[in-house]
Amino acid sequence: MPGVEQSSGGSLFIKGGQIVNDDSIFTSDIIVEDGTIKQVGPNLQPPAGARVLDAAGKMVLPGGIDTHTHFQLPFAGATSVDDFLSGSKAALAGGTTTVIDTVFPNVGESLLAAYERWRSWADNKITCNFGLSVVVSAWSDRTKEEMAQLAKEKGVNSFVFHMANKAQGYMLRDDALFQAFSHCKHIGALARVHAENGDVVQELQQQMLSLGITGPEGHLQARPEDLEAEATNRACVLGKATNCPIYILHVMSKGSAQAIAKNRKKGTIVFGEATAAGLGTDGTHYFNNCWRHAACHVTSPPLRPDSSTPGALMDMLASGELYLAASNHRTFSSEQRSAGGSDFTKIPNGTNGVEERMAIVWEKGVHNGKMDAMRFVAGVHNGKMDAMRFVAVTSSNPAKLFNLYPKKGRIAAGADADIVVWDPSAKQKLSSKTHMSAADMNIFEGQTCHGLPIITVCGGRVAFEGGKSLAASGSGKFVALPPHCPHLFSVIHQRERVCLPEKVQRTDAPAGGGGGGESRIAAKQVTQQNTTSYGRPPTSAGTRNQFDSSVEDSRSARASTKISQPPGGKTSGLW
């Protein structure tokens with residue numbers, strides 16, 4: 001097959017493309033050698049023997065990074081149809097060169113054993129770069145030890161926690177989440193959260209079934225938007241209380257996205273993930289008369305039936321209120337989904353998206369974001385996004401969040417040669433008949449997207465070109481994700497230094513109350529002399545206590561002092 005030999009390595013010269021990073025656009029050449037970008041600049045000379053890729057009139061982007069996939073996932077006796085081979089080929093066809101797949105330990109299984117199982121499945125099949133994130137579904141001392149070992153020795157810098165999926169045994173309650181988030185902060189890991197109110201979801205599922213609502217529409221009605229928004233806010237509160245960075249998986253509703261934006265404004269370190277499905281389609285499909293069609297859209301949280309939701313989520317992704325776009329790629333065949341034919345709770349959850357993710361974001365955000373005058377006057381601003389923001393949400397931001405930047409997520413000398421030649425003028429129609437995925441249905445069936453990758457380079461190798469996969473099985477590389485990512489933990493560590501709890505040292509505490517005993521936490525002791533002019537202790541940073549008034553009175557205030565001119569003037573009433 002032409003190009004297969006090239007896919008195994010060699011130097012590349014990418015000529016005359018418009019390079020797009022998250023902060024710049026410029027025309028330049030690129031020299032790639034030994035899997036690394038060696039030079040970026042105008043009018044470069046190609047190395048001897050290098051293959052020349054003419055990118056004139058095209059964009060050259062850093063390879064996409066999809067932080068949320070589920071390849072070869074066992075679920076309720078079935079296994080998702082895209083294994084690490086077909087799933088990674090679909091990723092490369094869509095311009096994604098790195099995925100972070102999700103490890104699901106069995107009930108009672110060691111996290112380390114599950115991690116090794118995933119590695120054994122992926123290492124010999126995958127054709128793109130990959131990292132791993134691990135689900136934590138029970139809390140114990142062994143779990144703590146294994147999380148620390150995975151972070152320190154195995155290249156895992158994030159863990160997944162479920163606030164729902166109670167029947168499957170994944171759900172953790174708030175006390176366990178608090179302890180788990182605290183431990184994530186301690187070992188330098190990102191806490192990733194599936195946010196839905198699991199207890200209420202389970203009750204509503206039983207209500208739907210008792211009413212005879214057994215089809216996919218019951219899945220939607222048992223998981224209303226408010227339950228996603230409430231759990232999202234609760235996860236943010238727990239994250240702030242533990243000083244742990246939080247990542248909300250698959251944000252599917254306006255309420256959830258707004259909760260993230262509100263908490264970010266309050267200083268919570270929280271990041272929201274939009275998905276290709278949430279941006280590219282909606283939940284009206286659950287009411288389709290064709291059961292098979294409706295069932296292929298079942299995912300959790302569900303797609304929302306409000307047709308304005310995809311545009312609203314794109315607006316928030318474009319503005320930075322949502323941080324990145326992933327796929328949550330998790331595909332099951334129609335036959336596998338038929339296990340839930342008489343009970344929607346038994347339908348295997350998941351949709352396609354790893355191949356379509358970048359095209360959907362480009363179409364909805366960049367192509368459709370080019371507003372004409374009439375749309376501007378009408379106040380329709382949905383999805384306004386430039387090419388740099390597109391690179392940020394599909395590559396650079398994921399790289400920063402998972403401690404891969406600037407080796408990945410950027411076109412620059414010294415970066416890994418994960419590169420996409422993108423044709424913004426090309427068109428493609430999305431369909432199950434033409435996609436690389438093994439899925440027999442496509443939730444974006446018939447949609448036309450403007451803009452697509454024409455060449456994908458992964459690790460310096462041409463892995464996709466001319467609509468064909470050129471990468472050999474097992475040619476992908478495992479990418480260790482180091483803990484204590486500076487993008488996250490520089491703020492966390494600063495807050496730890498200046499926001500310590502404070503202990504007041506008292507001499508009159510009752511003997512049996514324990515008030516004068518030793519504190520278990522590192523607290524700043526406050527003495528009578530170490531106070532501000534307001535008579536209250538300063539904060540740990542030495543600044544004025546936030547509870548004090550900012551109004552100064554030059555007189556020495558005493559309890560017996562009468563204020564002759566109280567604020568607002570005198571009154572004859574009683575104070």
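Biologist: Let's start with strand pairing: how many bridges join strand 6 to strand 9?

Modeller: As a general idea, strands of a sheet pair through backbone hydrogen bonds, either parallel or antiparallel. Here, strand 6 and strand 9 (residues 96-103) run parallel and are joined by four bridges. One of the partners to look for is D101 in strand 9, which is bridged to T69. Two strands count as paired if DSSP finds at least two bridges between them. Strands (E, at least two residues) and helices (H or I, at least four) are DSSP runs, numbered from the N terminus.

Biologist: Before we go on, what should I know about the model itself?

Modeller: It is a predicted model, in which local features need pLDDT of at least 70 and side-chain atom pairs count only at pLDDT 80 or more, while totals for chains, interfaces and linings use all residues. Residues are numbered from 1 along each chain as its sequence is written, and side-chain values use heavy atoms, leaving out hydrogens and water.

Biologist: Which strands are at the edges of the sheet?

Modeller: The sheet is open, with eight strands in the order 6-9-10-11-12-13-14-15 and parallel pairing. Its edge strands are strand 6 (64-69) and strand 15 (324-326), each pairing on one side only. On average, neighbouring strands of this sheet are turned by 30 degrees against each other, direction ignored.

Biologist: Which strands does helix 3 lie across?

Modeller: Helix 3 (residues 111-122) lies across strand 9 and strand 10 (129-135), at about 155 degrees to strand 10. Such angles run from 0 to 180 degrees between N-to-C directions, with axes fitted as lines to C-alpha atoms, for helices over the stretch in contact. Helix 8 (residues 225-242) lies across strand 12 (190-194), strand 13 (246-248) and strand 14 (270-275), running at about 170 degrees to strand 13.

Biologist: At what angle do helix 3 and helix 4 pack?

Modeller: Helix 3 and helix 4 (residues 141-153) pack at about 40 degrees, with axes 9 Å apart. That makes the two helices oblique to each other; under 35 degrees counts as roughly parallel, over 145 as roughly antiparallel, 65 to 115 as roughly perpendicular and the rest as oblique. The contact (heavy atoms within 4.5 Å) is made by L111, L112 and Y115 of helix 3 with T143, E146, M147, Q149 and L150 of helix 4.

Biologist: Which residues touch the most other members of the largest nonpolar core?

Modeller: In soluble globular proteins, nonpolar side chains tend to be buried together. A nonpolar core is a set of buried Ala, Val, Leu, Ile, Met, Phe, Trp, Tyr and Cys residues joined through side-chain atoms within 4.5 Å. The largest one here has 126 residues, and F159, F161 and F390 touch the most other members. Beyond its neighbours within four places in sequence, F159 is in contact with residues including V134, M147, L150 and L190.

Biologist: Is N352 buried or exposed?

Modeller: N352 is buried, at 3% relative accessible area; buried means under 20%, exposed over 50% and partly exposed in between (1.4 Å probe, protein chains only). N352 is found in the loop between helix 13 (334-337) and helix 14 (357-367). The N352 side chain makes polar contacts with the side chains of E356 (3.2 Å) and N442 (3.1 Å). A polar contact is a pair of N or O atoms within 3.5 Å; within protein, one must be able to donate a hydrogen and the other to accept it, and residues adjacent in sequence count only if both atoms are side-chain atoms.
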